[in-house]
Every structure is written in structure tokens, then in C-alpha cells.
Amino acid sequence: MDWLLEPLSQSFMIRALIAGTIVGGLCATLGVFVVQRGLSFLGDGLAHAAFGGIALGLLIGVAVDRATWVALPFTIAIALGIAWVLRRGKLRGDVAVGVFFSVSFALGVLFLGLRPNDAPPVNVETVLFGSILAISTNDLWVVAGVAIASGLVLAATWSRLAFATFDPELAAIAGVPVAALDSMLLALVAVVIVVAVKTVGIALVSSFIVIPAATARMLGRTLPGVAAYALALGIGGAALGLLLSYHLNVASGATIILTLGGLFGVVLLAKRR
């Protein structure tokens, strides 16, 4: 019991645990739709778009802890650009995401290089790998607000989004606004990724979206079942990984992702028997 209670006696661990489980559950639920659409690379693409947005914020003089507010519209614009390219149907999803990913990251590097010499130094490592243990109370309110808003949007559009995901052509014939739902899903993923960058960083945030959803697909037989498994894996993996990182004194974000990867490996081996 001390293994569990000792970390929870620290206020920074309580904030990290709340933020990690919220982000883990939210990313995993969205990941069900992203993975089902064959857009697993989307998380990486939008995470690197967020890097471009953060770098733009730093270039115009915004403090690093507030640069995510510049990254938010920037990343949403990139997400809508990807959705527009996908609707044209001339490029595959991984190609469209790859192009925007490369351009956004290059812009980020360019923006950082254009900063004046007397600008405050930036710890790029923190931006790339996150710092969930440094989550503040204000960050926690932002994460909670985004989670509530995203949950309401998903609940209101769940059945139509599922229809458009599994059979977009039939859904369009039935009057479902497929294009609008596609744009909404990508914009929602963009918002969640920008918020999640604070926890595990740009380099690892896409794992929060892909790994629990991929694991859940091996366990569930229906969409609600897969979503329930993904939610449980996202929350449980974040909590377990954070506690392990505390006791092992290693990087929290990386340990959370490795925990999710370990759960994926266990389920994969169990299903092959």
C-alpha cells in the first residue's frame, strides 16, 4: 500500500496523476476513430505541427508556458488543411500527413532560428519530451476544460462519427455530414494534442493516441467495446507508468509510453496463443 500512498503524498504527483489520466483517457478515446481510419500517423503529424506553432509563439515574444495558445490555432489550421487534402481524394492519408508534418516542423526550426539573439533561452528538450511533473494548477484546469468540452462533442456526434468512420460513402448517402465530421475529428485531435504536449511532449504524444486504441482493437468486438477498453488502457497505463517512474526515478513521459507499449505486447502475445 505504501507503494501507492507515498507518491500521492506529493502535491505535484497528484496533479501529474490527474493530468496524465485525463489526457490518457481522452487521447485513447479519440484514437479509436483515428486508428480505425488508418490515420495512425496523424498524431505525429499534428504534434510536429504544434512544435511549429510553439516556435511561432516564441518568435513573436510569447513566453514558453503560454506559447501553446499560439500553437492551438496553428495546429487546428494544419489539421483542417489535412482534412481538406484528404477530401480531395488524390493523396493517401499518410502522404498528406507526411507533407504537413515536414513543412510544420521545418517552419518550427526556421521560427526558432529567426528569434533575436537577446531573446530568452528556450529549453527545446522540455518542448520535445514534456514535463508532466511540472503541471501547474492552471494547466490542470485547462486539461479538465478541454476534456469536458471534447467529451460533450464526442457524445453528441458519436453515432454519426462511427457511421462516417466505418462506411463514409453509405453515410454520405444517408445524409450524414461526413466532411464536416472529418474536419471536426481532426480539429478535436489537434486541440487535445496541443494540450497533451505539456505532459509527454511532442515526440511521444502520438503514442497516447495510437497504442491504447491499437491494443483495444485486439480486445473489443464492437466500437463501444473497443472504446471502453481504450479508455481503460489509456487511464490505467498513464497511472501505472507515472507511479513506476516515481519509484524507479526515471523519465515520467517515457515510462508511461513504455507501460502502454508493454500492455500492447502482453495482449498481442496472449491473442496469438
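Predicted model: local features only at pLDDT ≥ 70, side-chain atom pairs only at ≥ 80, totals over all residues.
## Basis

Local features need pLDDT of at least 70 and side-chain atom pairs count only at pLDDT 80 or more, while totals for chains, interfaces and linings use all residues. Residues are numbered from 1 along each chain as its sequence is written, and side-chain values use heavy atoms, without hydrogens and water.

## Helices α2 and α10

Helix α2 (residues 11-36) packs against helix α10 (residues 205-217) at about 65 degrees, with the axes 7 Å apart. Helices are DSSP runs (H or I, at least four residues), numbered from the N terminus. Axes are lines fitted to C-alpha atoms over the stretch in contact, and angles run from 0 to 180 degrees between N-to-C directions.

Contact means heavy atoms within 4.5 Å. Residues of α2 that meet α10 include Gly20, Val23 and Cys27, and their partners in α10 include Phe208, Ile209 and Arg217.

## Ser183

Ser183 lies in helix α9 (residues 178-200). Ser183 is buried, with a relative accessible area of 16% (buried means under 20%, exposed over 50%, partly exposed in between; 1.4 Å probe, protein chains only). Leaving out residues up to four places away in sequence, Ser183 touches Leu80, Ala83 and Arg87.

## Pockets

A pocket is an open set of points on a 1 Å grid over the protein atoms alone, where a 1.4 Å probe fits, with protein on both sides within 12 Å along at least five of seven lines; lining residues have an atom within 4 Å of a point. The largest pocket is lined by 36 residues, with Val64, Asp65, Arg66, Thr68 and Lys198 nearest its centre.

The second largest pocket has 13 lining residues, and Leu39, Leu86, Arg87, Gly93 and Asp182 lie nearest its centre. Helix α4 gives the most to this lining, with three residues.

Terms used
Helix = DSSP H or I, 4+ residues; strand = E, 2+ residues; numbered from the N terminus.
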